Amino acid sequence: MPAKPAVQSVQVFGRKKTATAVAHCKRGNGLLKVNGRLLDTLEPSSLRYKLQEPILLLGKERFSGVDIRVRVKGGGRVAQIYAIRQAVSKSLVAYYQKYVDEASKKEIKDILIQYDRTLLVADRSEERRVGKECRSRWSPYH
């Protein structure tokens with residue numbers, strides 16, 4: 001039995017609060033699905049534009065050679081959308097780094113970071129402090 005050729009793919013995650021999105025990026029023809037559904041069917045529709053930011057920034061031609069499938073769980077709807085857009089951005093950067101070339105990967109990364117750093121970096125700005133609420137301050141009345 002002949003051995004199957006190795007599939008060129010990368011798997012990357014994106015996080016926002018408690019939502020985690022795992023993006024599986026492989027060579028293909030521009031398919032972008034989230035939990036088995038196309039991007040156009042995702043709710044809330046007001047944040048659909050946020051999901052398309054990486055595509056609009058980088059141009060459809062960069063996404064035309066890859067298929068990206070995303071699984072997302074946890075968190076609320078808004079956090080999930082932010083996790084998805086981060087996973088999509090990171091997966092494209094990782095794919096270009098591994099299978100295309102370093103120069104185009106750097107170009108993509110620079111465009112994304114210049115627009116919005118959270119597209120590539122997961123910041124936990126309100127990390128929960130042990131024993132206190134996230135935004136609580138010391139008060140002399142307690």
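Let's start in the sheet: Val34 has Val70 of S5 as its bridge partner. Strands here are DSSP E runs of at least two residues, helices are H or I runs of at least four, and both are numbered from the N terminus.

A word on the source. This is a predicted model, where local features need pLDDT of at least 70, side-chain atom pairs count only at pLDDT 80 or more, and totals for chains, interfaces and linings use all residues. Residues are numbered from 1 along each chain as its sequence is written, and side-chain values use heavy atoms, with hydrogens and water left out.

Back to Val70. Val70 is also the bridge partner of Ala23. S3, residues 32-34, runs parallel to S5, residues 66-73, and three bridges join them. Lys33 stands opposite Arg69 in S5. S2 pairs with S5 too, in the antiparallel sense, over eight bridges. Two strands count as paired if DSSP finds at least two bridges between them.

What is the order of the strands in the open sheet? S1-S2-S5-S3-S4, five strands with mixed pairing. S1 (9-16) and S4 (37-38) are the edges; each has a single partner strand, so one side of each has no neighbour in the sheet. As a reminder, strands of a sheet pair through backbone hydrogen bonds, either parallel or antiparallel.

Next, the helix. H3, residues 77-99, lies across S1, S2 (19-27), S3 and S5. H3 runs at about 150° to S1. Axes are lines fitted to C-alpha atoms, for helices over the stretch in contact, and angles run from 0 to 180 degrees between N-to-C directions.

Look at Ser91, in H3. Buried or exposed? Ser91 is buried, at 0% relative accessibility. The cut-offs: buried is under 20% relative accessible area, exposed is over 50%, partly exposed is in between, with a 1.4 Å probe and protein chains only. Leaving out residues up to four places away in sequence, Ser91 touches Val10, Val12, Ala23, Cys25 and Ile68. Contact means heavy atoms within 4.5 Å.

Last, the loops. Most residues other than glycine have a negative phi, and most peptide bonds are trans. Lys17, between S1 and S2, has a positive phi near 50°. Lys17 is exposed, at 60% relative accessibility. Asn35, in the loop between S3 and S4, also has a positive phi, near 50°. Asn35 is partly exposed, at 43%. Then Pro44, in the loop between S4 and H1 (48-58). A cis peptide bond joins Glu43 to Pro44, with omega about -5°.
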